[in-house]
Amino acid sequence: MEWLGRLPANGVKQYLAADAAERKPTASTMAGSKLTMGLLLLAVVAAAQVGAQGPAAAPSSSDASGLPPIPAERPPFFLGVATAAPQIEGAVAEDGRSRSIWDTWAAAHPENDSPNVTDDFYHRYAEDIRIMQTYGIKHFRFSVAWTRVIPDGNGSTNAAGLGFYSRLVDALLAAGIEPVVTLYHWDLPQVLQDRYGGFLNEQIVADFTHYATVVFEALGSRVTYWSTFNEPATFCVSGYGSGWHAPSLRDQQGEQGYVWECHNNVLRAHASAVREFRRLVPNGKIGMNLAVQWSEPRSDSEADRAAAERHMEFELAVWSDPVYRGDWPASVKERNPRGLMTITPELAAALRGSFDMYMLNFYTAKYVYYLSGGWGMAGQGVIDAADTFNATNGASIGPETASSWFKEVPWAFRKQLKWVSDRYNRPVMWVTENGVAVPDSANELLPGVLNDTYRINFYRDYMQAAMAAISQDNVDIQGYFCWSLLDNWEWTSGFKERFGLVYVDYANNQARHPKQSLAWLSRWFGLSSGAAQVSTQSI
Ligand code: PNW
């Protein structure tokens, strides 16, 4: 997916054309014998379990498992895996689920793959739990679909929809896996968008709070770790600013104030839901998953360095400063085009203490330079800065990945972690998403595609950057979630970008095939012998 659909500084919308050209139709056939694939899956899991039975060997650089070398030092944080309901569940018309704004988006883009079945996690979660168990993964981040729990958006609770998450949580706990629940990962009930404009209307605050309360009441005695919103910057800016994401509204120059309305309503909904959370789940921990791209100054000039800092404030601090500091960053206040952004004392008080940990989703970086009159993220105002992947000499900021918005920058990850830690006085941090889609992997075949050395190297480098942030920059990172457990429906990129540690064979009834990266990570973290290699020769 394109991230945010950020406007180029000159206001020309080249990014839309560029991405449209990239998107090519693919047909994913869902044929295949369920029985055969079911048996195969059992064989896969059995094979994996054999490998997992041995004691966790100490990491060493020479490895009998045939995996690439394991770094000598084991990471000091726990390893988790992350997912999101609209990307993995499928079963979009089952058990009373209503349509989400992303179902609408997908229906309007038939050239894109469909989320209707995707990984069929709704029916296969038990198998996926077995895979996690086999590899020793003990933290699973998933999102609850509002459309299943309250199909009418703000009406009555749908017991069948809620029941799915209750069974999922029970199955995770029975397998010794800690559930980490995201309440909102972009899949607004379409009915709320139609009824009052979704996040543009303050009614969303009450409706989200009601939805959150229903889920806290149902799962709060069993689930400790929660997040209210996944990446509000992405869904406010892309959904209501550039129009790149559902619900496809555009407000590129801030004329309607859409992005700021969304922003304000998300902060208020978060504060309001957390107030209920404290009452209903007194021993729980909660936060919000924030995403950012590191802003590297394109030159050493004072102007470029200030522009890069400002960029980061507009992208990230604009969300977390209100929580930790009670107000927007000064740069944002000064450049607010429309006066929409007052943080009232009441809101500041409600937000204070509403992050038990700082949950950061991190992938990439860009160069930032000063540009008089330059616009920031769509709809968020003049920030006198612009960004680019290329240095002044033309060199890219990092190696390519499968995603056009994503260059590999482990060095920037370390800087980003330190930036957050220093700004907010060393909060407990969880990296709640990090991962990569391997270039060209969408067209690769089994079994070769499972030998994802590229992804192994990626995690080695990013995790070592996080380890350096801990040991040298005094950052307190306690958890690290890989995006993602499974290949999945990657929003505007459909199935063309595969971020999974487990390959999903869409042409063969969604059969699961753990990739080498899963075995490698499991071994590095000491969670299993890592020998759980899955042979696909028998397919
Ligand atoms: C995340 N960035 O979005 C989403 O939470 C996932 O649903 C998605 O599948 C995953 O990334 C991979 O695209 C982001 O550049 C994408 O900073 C990019 C950025 C942040 C978040």
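The model is predicted, so local features require pLDDT of at least 70 and side-chain atom pairs count only at pLDDT 80 or more, whereas totals for chains, interfaces and linings use all residues. Residues are numbered from 1 along each chain as its sequence is written, and side-chain values use heavy atoms, with hydrogens and water left out.

**The ligand**

The shell holds 18 residues, of which the closest are Gln87, Glu231, Gln293, Glu433 and Glu490. Next, display the polar contacts, defined as pairs of N or O atoms within 3.5 Å; within protein, one atom must be able to donate a hydrogen and the other to accept it, and residues adjacent in sequence count only if both atoms are side-chain atoms. A polar side-chain atom of glutamine 87 lies 2.8 Å from a ligand oxygen. In the side chain of tryptophan 483, an N or O atom is 3.2 Å from an oxygen of the ligand, and a polar backbone atom of valine 292 is 3.4 Å from a ligand oxygen. Taken alone, the ligand exposes 450 Å², and the protein buries 100% of that area (Shrake-Rupley method, 1.4 Å probe; for residues, only the protein chains shown count as cover).

Colour the secondary structure by DSSP runs, numbered from the N terminus: helices are H or I runs of at least four residues, and strands are E runs of at least two. Strand 5 (285-297) and strand 6 (358-370) are the elements that give two or more residues to the shell, and strand 5 supplies the largest share, 3 residues.

**The nonpolar core**

Of its 157 residues, Tyr165, Phe199, Phe208, Trp226, Leu417, Met463 and Leu521 touch the most other members. Helix 11 contributes the most to this core, with 10 residues.

Centre on phenylalanine 208 and list its contacts (heavy atoms within 4.5 Å). Not counting residues up to four places away in sequence, phenylalanine 208 touches Trp146, Leu183, Tyr184, Thr228, Phe229, Ala269 and Ala273. Then move to tyrosine 196, in helix 8 (residues 190-196). Its side chain makes a polar contact with that of aspartate 207, at 2.6 Å.

**Helix 17**

Select residues 516-524. Because 9 of the 9 residues of helix 17 are buried, the helix is largely enclosed by the rest of the structure. These residues pack against strand 1 (78-82), helix 5 (121-134), helix 16 (453-473), strand 9 (476-483), strand 10 (502-505) and strand 11 (511-514). After helix 17 comes glycine 526, with a positive phi near 75 degrees.

**Backbone positions**

Finally, inspect the loops. The peptide bond from alanine 246 to proline 247 is cis, with omega near 5 degrees, and proline 247 sits in the loop between helix 10 (232-242) and helix 11. The bond from leucine 446 to proline 447 is also cis, with omega near 0 degrees. In the loop between helix 15 (410-423) and strand 8, asparagine 425 has a positive phi of about 65 degrees although it is not a glycine. Asparagine 425 counts as exposed, at 70% relative accessibility.

Definitions and conventions:
Near = heavy atom within 4 Å. Core = buried A, V, L, I, M, F, W, Y, C linked by side-chain atoms within 4.5 Å. Buried < 20%, exposed > 50% of the residue type's maximum accessible area, 1.4 Å probe, protein only.
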